[in-house]
Amino acid sequence: MINIVDKKDCNGCCACVDICARKAISLKTDIEGFWYPEVDKSLCVECGLCERTCPELHAEELKKNDYEKPLCNVSVNKNLEVRFDSTSGGLFSVLATEMYKQGGYVGGAAFNEDVSVSHFISNDKEDLPALRSSKYLQSNASGLYKEVKRLLESGEKVLVCGCPCQMAAMRRFLNKEYDNLIIADFICRGINSPKVFKKYIESIEEEHGSKAVFIKSKCKELGWRNMTQKVILENGKTVFQPSEKNLFTKGYLSTNVYCRPSCYDCKFKGFPRIADITLGDFWGIENIDTTMDDDLGTSMVLVNSEKGRMFFQRIQQKVQSRELPFETILPGNPSLISSLGKPVIDREQFFKDLDVSTFNEVANKYFPLTKSIRSKVADFLRAVLMIVRQTRLHFYPLAKLIKYNIACRNVHTNFRMNGFLLPTPYSVFDIHRKSFLFLNGTLVIGEKTIRNSKLETRLFLRKGAKLDVERRFTLGYGGVIEVHENAHLTIKSGHANTGLTIVCADRIEIGHGVRMGRHVTIRDNNGGHIIVRTGYRNTRPVIIGDRAWLCEGCTILPGVKIGEGAVVGAGSVVFSNVPAHSIVFGNPAKVVDEDVLLKF
């Protein structure tokens, strides 16, 4: 009979629930959000099946495979869309597609409507997007083991993927080899509490006043290495939280406080691996093979068995891959061999606090998003280096740097956030003393590609004009920003190539991460000219959404709203709204593609 005395001895795989023919075992969730088996003694006949199936009790017996040391590969999916939608290099999707092609079944973890995660298995390739990508919290695998066995016994081919402990449980549950089964696991650092993750998502919902309808861990729109959490809300808003601004990720990586107790002494680390194939992020690939590193995600594939090798060979036409020496995989991936470190904060008190407070309140108490002294020093040194690089220590830009950031009362800097005006050689300023320049990020005026170019870059603020810069924005050389009397220009962050023209006479808002090609024009006014027509207005606000891409030579006219993540094609003239995540092209600009995702 299963009897959990110490919680570290149970990994929550649920295999004991599936093996019990008497249905005497149920799952009970504790204050931490993890489930543990509970035996109904009135139903139990003490057959011992649960103990014989438990992978924790038989870990050493299970740790055997064809290869003592795996065949190691660096791989990426050749299908860019699938790779972009995956956690690392998109290899699980290629394996799954091959199994579907053979008429087989694929099992993995997927989100439920209540933000919990469960394992399921099907032969419908339409289910693949739900199975794709890591979820970073424990999944409930109840029912999976019985269904996999049923399919295998009926002759169906099966590919199933899960945590190393779950896949060890699968081996133990099946208790024999099946030629029609491929088991895949992944490199696991430690599995997080479903309760904590749900509280984290609830904090986002509360902050933005809307329910989450889509959740994506390690979204790549801000780059693979940023480990961004993406949440789409019912009200249409998309929330991006890169790791540096994500309290959930910080708590996971810096405190280890809400991982399952068994993760601190994981019995399924090291080699040989129990699965046929092991997948994971190839951290450190930039030090091994730069051609396989473009910040879109790169997979490490460990082939652990002959059956796994043969299956991996079947997908070679769909991947870019090469074999690497075993020794190269360990430096950047210590989770292959080392268990998670013990929590660095009081775990018991953390979960008590979580029961009576929001996730953000508890997180800010135990691991707030504050920078260490080392990080602050690094930021300062980067700012100094940027000043040296941009001004090239010429007298006039340095004099302007001091004048506008220190001597001008209408220029409001925030040096703590690296918020200041950074002139370059041949930048020209006409900033009225009754205008307002608010800098919470660095505003670089005149960044040069050709270092010795004398092309002039201009910033012009008239009386009553207001310019807000929230984070860093770089204006390339030859650009012009004009904010006219009492007008308001907001720039959250981004980069503009050479020759940008912004003419603001009313209100222009430019979102976070906006990229602008050469000679882009944005204006919210018609220069004061009058067209004698009913309803004519000289000025109308322009709003450009986060992470939009304005390509070379395009023109954005008054009254236009460009949606988040939209692309405006080269030379296009835009005078009507552009839907989010679409591509528009032409004069007048028309939608030519939809549901497009970007990574700069």
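Colleague: Which helix do E147 and R150 both lie in, and how many residues apart are they?

Modeller: Before that, a word on the source: this is a predicted model, where local features need pLDDT of at least 70, side-chain atom pairs count only at pLDDT 80 or more, and totals for chains, interfaces and linings use all residues. Residues are numbered from 1 along each chain as its sequence is written, and side-chain values use heavy atoms, with hydrogens and water left out. As for your pair, E147 and R150 both lie in helix 7, three residues apart, which is about one turn of the helix. Helices here are DSSP runs of H or I with at least four residues, strands are runs of E with at least two, and both are numbered from the N terminus.

Colleague: What do the side chains of E147 and R150 meet in?

Modeller: They meet in a salt bridge, at 2.7 Å from N to O; the term stands for a side-chain nitrogen of Lys or Arg within 4 Å of a carboxyl oxygen of Asp or Glu. E147 counts as partly exposed at 26% relative accessibility, and R150 counts as partly exposed at 47%. Buried means under 20% relative accessible area, exposed over 50%, and partly exposed in between, with a 1.4 Å probe and protein chains only.

Colleague: How do helix 7 and helix 8 pack?

Modeller: Helix 7 (residues 144-153) and helix 8 (residues 164-174) pack at an angle of about 50°, and their axes are 10 Å apart. That makes helix 7 oblique to helix 8. Axes are lines fitted to C-alpha atoms, for helices over the stretch in contact, and angles run from 0 to 180 degrees between N-to-C directions; under 35 degrees counts as roughly parallel, over 145 as roughly antiparallel, 65 to 115 as roughly perpendicular, and the rest as oblique.

Colleague: What about E98 and R314, is each one buried or exposed?

Modeller: E98 is buried, with a relative accessible area of 8%, whereas R314 is exposed, with 52%. Their side chains meet in a salt bridge at 2.9 Å, N to O. E98 lies in helix 5 (residues 91-101) and R314 in the loop between helix 11 (306-313) and strand 13 (319-324), so the pair ties together parts that are 216 residues apart in sequence.

Colleague: Which residues are linked in a network of salt bridges?

Modeller: That network links R225, E286, D293, D295 and K599.

Colleague: New topic: where is V480, and is V480 buried or exposed?

Modeller: V480 lies in strand 22 (residues 480-483), and V480 counts as buried at 10% relative accessibility. The C-alpha atoms of V480 and V428 are separated by 9.6 Å, and these residues are 52 apart along the chain.
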